[in-house]
Amino acid sequence: MNKIGEHIRQRAAELLESREIDAFIGFRQGSLPMTTQHYVARSAAEAQNLVWNSFCVLNPTNILPSLLKSFEPPRRPGDPLPDDLPKVGIAVTGCWSRNLAIQFQENQASRKRVIAIGLPCTGMSDRRQILAQTGEMVTEVSETAEDLYFTGGTVASLKRTEILRPNCASCVHPQPVARIMTEVIEGDCINNDAAGRFAEVEEIEAKDSDGRWDWFSSEFSACIRCYSCRNACPLCYCPTCFVDDAKPQWVGKGLNSSDTSIFHILRAYHCAGRCTDCGSCEAACPMGLRLRLLTKKLDKDVVDMFDSEAGVEPFKPLPLSTYSQADPQPFIVQPSHSKGEDS
Amino acid sequence: MTDINTEWQPKIITFLCTWCSYAGADLAGVSRYQYPPNIRVIKVPCSGRMSPNLILNALKGGADGVLVSGCHPGDCHYISGNYFARRRFGLLGNLLEFIGLEKDRVQFTWVSAAEGEQFADVISQVTESVRKLGPATRLVKNIPAEINVERACANE
Amino acid sequence: MKGSVLIIGGSIAGVQAALDLADSGFYVHLVEMTSGIGGAMSQLDKTFPTNDCSACILSPKLVECGRHLNINLLTLSELEEINGEPGNFKVKVRQHPRYVDPTKCISCGECAAKCPKKVDDLFNLDMNKRKAIYLKYPQTVPLKYAIDPQHCIWLNKPGKCGACAKVCPADAINFDDTESIHELEVGAVLMSPGFRPYNPEKLDFTGYGRLKNVVTSMEFERLLSPSGPCTGHMERPSDGKEPTRVAWLQCVGSRDENRSCNSYCSSVCCMYAIKQAVIAKEHAASDLAASIYYMDMRTHGKGFEAYFERAKDQGVQFRRSRVHSITPLAEDNLQVQYADEEGTLQRDEVDLVVLSVGMEMTTKSQELAHLLDVELNENNFIKTDPFNPVATSRPGIFVCGAVSEPKDIPQSVVEASAAALEIEKMLSDSRWQETQEAQFPAERNVFAEAPKIGVFVCSCGINIAGVVDVKDVTEYSAQLPDVVFSQNNLFSCSQDTIDQMAKTIQEQGLNRVVVASCTPRTHESLFQETLRDAGLNKYLFEMANIRDQDSWVHQNDPEAATLKAKDLVRMAVARVRGANALPYNQVAVTKAALVIGGGMAGMTSALALANQGFPVTLVEKADKLGGNANRLFHTWQGIEVRQQLEKTISKVFYHDNIELKLGTTVEKATGSVGKFTTTLSDGAKLEHGTTLMAVGGKPLIPTGDHQYLYGSNKQVKTLLEVDEMLLTDINMGSIKQAVFIHCVGSRIPEQPYCSRVCCTHAIEQAVHLKKLNPEMDIFMLYRDIRTYGQREAVYKEARSLGILFIRYDLDNLPQVNEEDGQLQVLVQDHVLLRQVKFNPDLLVLATAVVAHPETKDLAKVYKCPINQEGFLLEAHMKLRPVDFATDGVYLAGLCHYPKPLEESIAQAQAAASRASLILARDMVPAESITAEVDPRKCVGCGMCTKLCPYNATTLDLDTMVASVETSLCKGCGACVAGCRSDAIILKNIANEHLMAAVDAALMEM
């Protein structure tokens, strides 16, 4: 981890120094232990503030579109965009690199303007799980390849594998998407068994309808409609989100459980075929909702039905923007005689 | 069973594409195929017009069932609308089932302009399956007072 | 010169021609013998190769035809007499009485329900019963009942029955109806009477007529059809059981001069048999065993070979055989006795036998030909000219469809448009002279007004009122918010009610209207016209379907039906409340055409348009005109190509309206129908209203396993090379032995389609060589002989001249070697079961026709699709064979698919006809219900551009905002549903409108 952090700082400084880029997106230490914040370094000196540790949980591509846009000069309608706009550097792990692929496809970031440095990823740690074991009093953390060490907690150390975030523990594409990376830092990556990648979803699927509804309604009843999940998501860039729209008003603005449920269903659906399971939404949620279960369910279905995984093949059309004549349709209601009942 | 359950009639919001399914529904009428009176048809140009939002909105509004019907794959008047729709429906249907909405609340089918009898048959099937579920409560914003939310009591 | 046209026969070809002519400025009298149009296509279940539902794709065309202001539909009518000359014919048409007043009939079916007289239903080929008063079929046009005078009790014994008149709620029955004679003056006559399926009763070996479970293919279509006698359940006639083993016998009444007297091939039966087998397997509850007994499998059309291969994968059995007889077995089952390819007698037991019957000229059509004084050919079809395939022997009389040769639907539709074009050319001076245009008053601007909604509730006699309490519904409607007027009418569509409705709209100051009655599919445009008559925009209207989707389907539950009717009215009111007046979009037309490609197809199109007075730019990438036709020797009929070609080239060269640009290609294009701008390689910028692509194809250069020493041995030639030798008078008569190999590069995994032309071309060439030197030994190595239609005559002649045919298959390709400088060909003979060796001095390869690789780039320029094989992909394989989904762009010739010269010419004429629909007008209408982007909400993700099948949405990468080109948008709403930001709306079908309807439906009453 330290080696990677050093590498990021060095490359960011070089790129900024040489003016190849005007800004570099990464992380800096947060105000509390085990937290980080997005950080935009704009000079070689600022690049030294960049950190890399297992608490870099907020997807940095989330701020890429707006940062790129901030470099665009004011224009009158109809004026073309200048050709030589400043570039931005960003360091991305597997899931973030796939978000980059989606943003390229959806024109939210221009490939010409992004210097993407691919990072190896051994998975990020789940702060909530750690605090549950160490207590709230941790003042400092240090980490090695296998373990995390705590100062001030009730536990001195924990194995990294035991406190992985669930999305990292089920990640099967930790390698950055090479075809859209400018450069790649080599290193070890987490190696999960693909067979269990959807275990969290399958656990819910195994319940009956009542059981699933009990889970859903209790899980989401805690939602306070703060929209942190949406704001942390690198896929959410509509100027007006459906949840804020007044014409038509899809969702009521209060804490009604039906409105809240529909917000979450629709938010997840909007991520269908695009979500890379980066876990930002859960990391951002102040109430600890397991928001990912909805998007992960959609991921599973997209893989099963359309043989597609968000961003893995960066130039393949997104699953809801294309179709195959042979797409499965077991859900289609058939007239009763064609089911062969009379035979 | 209370009285409400024996008298209760489900209301099923039914979106039909103009070119095939709406015509198929008309043919059912022309041929006098009888089916239960529980569907409320809303004509849309194409099943590809159906935003998932609209389906969720109907559920929120208290529809006991939602049915969407388009042209058979390959027959779309607009070339490819139903293929895109099929992808959307597949994902949305599964997601709704996943969060515990009863499986038969939201259904999808294809009916061609020549399938009058099939239309009547599908409507009968859909109506009966929705009737079995009882009045909708999940995702409904304002549940009418007379509907006894059995499950809420059963949990206690 | 007259500006009107007589079309005889309401087949799909007749209907298409009528629409083309009426839309391009000519008044059409469409004469149909039966009570409704639609022809044989209306009887089909599905159509190959797309498995489209036949009724679904046909019905909109029929409705359009029935409603067209400039088409006079004369049903139950026949031509009686014709006099005069081209441009000025005088004709008499006899119209038989319908005994039902079509202006009154509401097609409710009460009459047929009460009629006591049961009659065989001809539409279902007598497999079930209809009544003496009947509707030809549920989607027929006009959708009006008719009385069969042969069977009606009253008409035969007046005073005896009259049940229909008693129950008719509209008072439409008129037993005193008489026949009428229409004397018409027309500029041209078009014959499109279609064909008759061969009647196999004469062929005793089939058992047809004796054995109940032997049916014809047309009967089987009806058995499969959901609107057929067993509502699509597929029951066999003897006992209603679902068959599990079905046999199809090919060439029944085709390719069989001895038994059926028809020596020609009917061209469509192989494909429809495969289609029926595939569909039957889909229909069957259990696994259905489908076997097709055939001589040659003829799947020579676009997408056909792939369909054939798919059918094999799906388990359809293909048996190359000669069927000896069909004999009865126990339990009504049947035995097919046949000789397989080796000549061994085999027996299969099946439950049902389908006879793939061919197409024949009807006696009526022969009489018609006689009356019109046009010549027939040796097969009794109308005689035509390969260089003008829709012209008959008599000037001014044209022909299209299966009456001139057996052909499939797309070819018939192509000919229909081609015939329309020939007529347009002839009568172009009288364009718009006899047509009418609907006139409406200026529209009131209601934008600032609060909604004032009027609701008209129809009783439809007792059709609605018999079940739904219409009074209650009318009273209920009056209480709905914003409803200021409500009224109940007995028949909302009767002329007096319509007039009164227009008056009410004006008197009450209504600005939105709801009609609760039947279905918008048949009546919306009528009521919308009423709004326009009353000065309201026609989009301020909604219908509530309380008949077809309410009273008719809940006959036993009046209470629920009334409740539902109220809901439907409330929903319609909610939806219309938010409706906006929409513009009647139009696009101004630049009256000029661009034709790309100077081959026979391109030149034909260019001339056809130029002769109508439209300026044409003809762009050809080579430095001379003529394309592949320069290398062709003969048509299959043995007519020299060169002479005709030179004539055409000189016409193009000297035509005042054609600007010829040789050595030029298209670089880029912008715009859409009516106003394209195209930049050419010479820098010229063209403004044009339509674009025709006729960029041709080219012969494959054989390689790999299929090279057969081509290029290394000088005695190995392609068909076109031999044609060129014949053209340059090289002495070919000295050749002692010639071998032809068919399917070189066709029907192989790398190139899976059939090239359609090569069998006929090769055999015609072989016949020519044989005639040059009767001593010459000629061997044809083939896979299936595909001399479809009347081309079968060439095959027959070849065999009679002693040319030998040896079949090979893909697992056993012919081997070609050189031994001591001598060419050697080895092939496995399937009949003799041994290897045969030849030492020919000429080996001719019938090579595939392939698309030019550049076609793809051109397709991109005009946003048109291509298929996997690189050919341009038309808008619809059956009914829009020369159009693209993008309006204003058309295609013709080899760039569409391999085809012979006469078909290229017909297609070029058809493309020109479709283009003249645009060019004949100053403005072309465009869809009003279109999508629109709200730039404030658009994030520029580009999703909409990927969902639009018409390329109407584009994304500006500079502003990152999408926009919709209104003239391209068809209003399907795929983009709306795909837009996560809700940035695209569909006018009047926006989410708000649909939500309003949903909310109204769910409102507690």
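This is a predicted model: local features need pLDDT of at least 70, side-chain atom pairs count only at pLDDT 80 or more; totals for chains, interfaces and linings use all residues.
I started with chains A and B: 51 residues of chain A and 41 residues of chain B take part in their contact, where contact means heavy atoms within 4.5 Å. Residues are numbered from 1 along each chain as its sequence is written, chains are lettered from A and ligands numbered from 1 in the order in which they are written, and side-chain values use heavy atoms, with hydrogens and water left out.

**Chain interfaces**

Next I looked up the area. Chain A and chain B bury about 4,200 Å² between them, 65% of it on carbon and sulfur atoms. Buried area is the accessible area (1.4 Å probe) that two parts lose on being put together, summed over both. On the chain A side, Trp213(A), Trp250(A) and Val333(A) supply 16% of the area buried against chain B, more than any other three residues.

Then I turned to chain C against chain B. That contact takes 61 residues from chain C and 52 from chain B. About 4,400 Å² is buried between these two chains, with 57% of it on carbon and sulfur atoms. In chain C, the residues losing the most area to chain B are Gln549(C), Val553(C) and Leu1002(C), together 13% of what that side buries.

**Helix pairs in chain C**

I wanted to see how helices pack. Two packed helices are described by the angle between their axes and the distance between the axes. Axes are lines fitted to C-alpha atoms, for helices over the stretch in contact, and angles run from 0 to 180 degrees between N-to-C directions. Helices (H or I, at least four residues) and strands (E, at least two) are DSSP runs, numbered from the N terminus.

A crossing is left-handed if the near helix is turned anticlockwise from the far one by less than a right angle, and right-handed if clockwise. Among the residues making the contact I found Ala13(C) and Ala17(C) of α1(C), and Ala416(C) and Ala420(C) of α11(C). By class, that contact has nine nonpolar, three polar and two charged residues. For the classes, Ala, Val, Leu, Ile, Met, Phe, Trp, Tyr, Cys and Pro count as nonpolar, Asp, Glu, Lys and Arg as charged, and the others, Gly among them, as polar.

My other pair was α19 (residues 719-727) and α20 (residues 758-772) of chain C, at an angle of about 35° with axes 11 Å apart. The crossing of α19(C) and α20(C) is left-handed. Residues meeting here include Leu719(C) and Leu726(C) in α19(C), and His761(C) and Leu769(C) in α20(C). This contact of α19(C) with α20(C) divides into eight nonpolar, three polar and one charged.

**Two residues up close**

I found Ser356(C) in strand β21 (residues 352-357) of chain C. Ser356(C) counts as buried because its relative accessibility is 0%; buried means under 20% relative accessible area, exposed over 50%, partly exposed in between (1.4 Å probe, protein chains only). Leaving out residues up to four places away in sequence, Ser356(C) touches several others, including Trp248(C), Gln250(C) and Tyr272(C). Its side chain makes a polar contact with the side chain of Gln250(C) at 2.6 Å. A polar contact is a pair of N or O atoms within 3.5 Å; within protein, one must be able to donate a hydrogen and the other to accept it, and residues adjacent in sequence count only if both atoms are side-chain atoms.

Thr504(C) sits in helix α13 (residues 495-508) of chain C. Thr504(C) is buried too, with a relative accessible area of 5%. A polar atom of its side chain lies 2.8 Å from the backbone oxygen of Gln500(C).

I noted a cis peptide bond from Phe48(C) to Pro49(C), with omega near -5°. Pro49(C) is in the loop between β3 (46-47) and β4 (52-53). Val141(C) and Pro142(C) are also joined by a cis peptide bond, omega about -5°.

Met234(C) is not a glycine, yet I found a positive phi of about 55°. Met234(C) is buried, at 1% relative accessible area.
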